Amino acid sequence: MTQIIRKSEQSRQNNYCPISACAEVLSDHWSVIILRDIALCDQRTFRSIKANNNENISSSTLAGRLKRLCDVELLCFKDDPAHSQRKIYCLTSKSLDLLPILIDMAAWGLKHASPTNEPSPIPLNMLRPQSPYVTELIPRLQSSHIGKDC
């Protein structure tokens, strides 16, 4: 794993793209789900994540992803004083910076990937203002992409 991370770091230095760098961390479905479960559902031990995960993650997948998330410093852990073999997983400043993206993913999912094929209302407390860059970019992309021969 360390070699993969080092190789990835070298590649990033040569051809750096911030979107690619973030996608490398978030593109794994299970990593996003684990971060969701820890941040939004307060499931902080292996057992609680496993027991309360709606997507039925396997034990081996969960163990591997928790290790990876610790390796890339999105999570850290401390020993549980009440149980000598239990770890309590904690978010790091890096993972806290990803929370707005996770909330935006939830809002997108409610709007575009509802199980009923009808958009679900997005709770007002999930909405956030768009940056000036996005405010300018979206209309420009709409005029050049939407309704064209695609």
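Helices (H or I, at least four residues) and strands (E, at least two) are taken here as DSSP runs, numbered from the N terminus. The structure is a predicted model, in which local features need pLDDT of at least 70, side-chain atom pairs count only at pLDDT 80 or more, and totals for chains, interfaces and linings use all residues. Residues are numbered from 1 along each chain as its sequence is written, and side-chain values use heavy atoms, with hydrogens and water left out.

The protein chain holds seven helices and two strands. Followed along the sequence, these elements give the pattern α-α-α-α-α-β-β-α-α. Of the 150 residues in the chain, 25% are buried, where buried means under 20% relative accessible area, exposed means over 50%, and partly exposed lies in between (1.4 Å probe, protein chains only).

Most residues other than glycine have a negative phi. Asparagine 117, however, has a positive phi near 65 degrees without being a glycine. This residue is placed in the loop between α6 and α7, and with 71% relative accessibility asparagine 117 counts as exposed. Aspartate 42 is also not a glycine and has a positive phi of about 55 degrees. Aspartate 42 belongs to the loop between α3 (29–39) and α4 (46–52), and its relative accessible area of 55% makes it exposed.

Where is empty space left? Rolling a probe the size of a water molecule over the atoms shows this. A pocket is found on a 1 Å grid over the protein atoms alone, as an open set of points where a 1.4 Å probe fits, with protein on both sides within 12 Å along at least five of seven lines; lining residues have an atom within 4 Å of a point. The largest pocket contains about 910 Å³ of space, a volume being the space filled by probe spheres set on the points, which are joined across faces, edges and corners.

Twenty residues line the largest pocket, and Asp104, Trp108, Arg128, Gln130 and Val134 are those nearest its centre. At least two lining residues come from each of α2 (18–26), α6 (93–112) and α7 (132–145). With six residues, α6 gives the largest share of this lining. By type, the lining has 14 nonpolar, three polar and three charged residues (Ala, Val, Leu, Ile, Met, Phe, Trp, Tyr, Cys and Pro count as nonpolar, Asp, Glu, Lys and Arg as charged, and the others, Gly among them, as polar).
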